[in-house]
Amino acid sequence: MKIGYARVSSQDQNTGLQIDALERDGCERIYEEKVPGAGIARPELDICLQMLRAGDVLVVWKLDRLGRSLKDLVGIVADLEHRNIAFRSISENIDTGSAGGKLVFHLFGALAEFERSLIRERTMAGLAAARARGRKGGRTPKMDASDAKKAAAMLTDPEITKTNVAAHFNVTRATLDAALKRHGFPMNPAIVNRLEN
């Protein structure tokens, strides 16, 4: 059975063109996603993928209607292939039911892996370059050495609690602990004992 899937895009909120093409291609059932945008759930696609059975063909008008990225697309089609479900894209004339279509998707899979490797390499190179320039990754600490020194001084007063000091610097107690430890405070055992309060 041929089952179609159509999804609106940010530019085109009408799936009429897609649905016409899917009907002409012989789709007996069409699932229509009316919500565009990356990061948003696609409930109709989820239902469509659950309904597909071995021997079925999932048909889309264009590749970008199924996957939001090459990795996403390859993952969906690989899952379909594993379940013995063919995939067809009308505009690109790709059909994984044929040897040529399978070859194209194996190439897409290799390209997706290559893209992931490039991103990983660029990230590692960027981090190495930043380290070479003296920069460290991660967030800037909320409390610097001067703040930690002031906090340690405040904690020498028996009337001031760790909770008071954290509130003064507008941080959590865990952040205060980390700052004191990172900058070598507290030095005196009386403060160490009071930090637990």
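## A buried glycine to start with

Gly 67 has a relative accessible area of 8%, so it counts as buried (buried means under 20% relative accessible area, exposed over 50%, and partly exposed in between, using a 1.4 Å probe and protein chains only). You'll find Gly 67 in the loop between α3 and α4. Helices here are DSSP runs of H or I with at least four residues, strands are runs of E with at least two, and both are numbered from the N terminus.

Who does Gly 67 touch? Leaving aside its neighbours within four places in sequence, Gly 67 is in contact with Arg 7, Arg 42, Asp 72 and Leu 73, where contact means heavy atoms within 4.5 Å. Val 77 is 10 residues away from Gly 67 in sequence, and their C-alpha atoms are 9.3 Å apart in space.

## What you're looking at

This is a predicted model, where local features need pLDDT of at least 70 and side-chain atom pairs count only at pLDDT 80 or more, while totals for chains, interfaces and linings use all residues. Residues are numbered from 1 along each chain as its sequence is written, and side-chain values use heavy atoms, with hydrogens and water left out.

The chain has nine helices and five strands. Starting at the N terminus, they come in the order β-α-β-α-β-α-α-β-β-α-α-α-α-α. Of the 197 residues, 34% count as buried. Now take the contacts between residues at least 6 apart in sequence: 65% of them join residues at least 24 apart.

## Arg 42 and its partners

Back to one of the residues that Gly 67 touches, Arg 42. Is Arg 42 buried or exposed? With a relative accessible area of 10%, Arg 42 is buried. Arg 42 sits in the loop between β2 (29-33) and α2.

The side chain of Arg 42 makes a polar contact with the side chain of Asp 72, at 3.0 Å. A polar contact is a pair of N or O atoms within 3.5 Å; within protein, one must be able to donate a hydrogen and the other to accept it, and residues adjacent in sequence count only if both atoms are side-chain atoms.

## The nonpolar cores

In soluble globular proteins, nonpolar side chains tend to be buried together. In this model, the largest nonpolar core has 22 residues. Such a core is a set of buried Ala, Val, Leu, Ile, Met, Phe, Trp, Tyr and Cys residues joined through side-chain atoms within 4.5 Å. Those with the most contacts inside this one are Tyr 5, Leu 52, Leu 58, Leu 66, Leu 80, Phe 87 and Phe 105. Which elements give two or more residues to this core? They are β1 (2-7), α2 (43-51), β3 (57-60), α3 (63-66), α4 (70-82) and α5. The most comes from α4, with five residues.

Leu 58 touches, among others, Ile 3, Cys 48, Leu 49, Ile 85 and Arg 88, leaving out residues up to four places away in sequence.

Helix α6 (residues 145-154) and helix α8 (residues 173-182) pack at an angle of about 105 degrees, with their axes 9 Å apart. The axes are lines fitted to C-alpha atoms, for helices over the stretch in contact, and angles run from 0 to 180 degrees between N-to-C directions. So α6 and α8 are roughly perpendicular to each other (65 to 115 degrees; under 35 is roughly parallel, over 145 roughly antiparallel, and the rest oblique).

On the α6 side, the contact is made by Ala 148, Ala 151 and Ala 152, and on the α8 side by Leu 176, Ala 179 and Leu 180. These residues divide into six nonpolar, no polar and no charged; Ala, Val, Leu, Ile, Met, Phe, Trp, Tyr, Cys and Pro count as nonpolar, Asp, Glu, Lys and Arg as charged, and the others, Gly among them, as polar.

Lys 149 is also in helix α6, and Lys 149 counts as exposed at 56% relative accessibility.

Thr 96 lies in the loop between β5 (94-95) and α5 (99-132) and counts as buried, at 11% relative accessibility. The side chain of Thr 96 reaches the backbone nitrogen of Phe 87 at 2.7 Å.

Asn 93, in the loop between β4 (86-89) and β5, has a phi near 55 degrees, a positive value in a residue other than glycine. Asn 170, in the loop between α7 (162-168) and α8, has a positive phi of about 60 degrees although it is not a glycine. Asn 93 counts as exposed at 61% relative accessibility, and Asn 170 counts as exposed at 67%.
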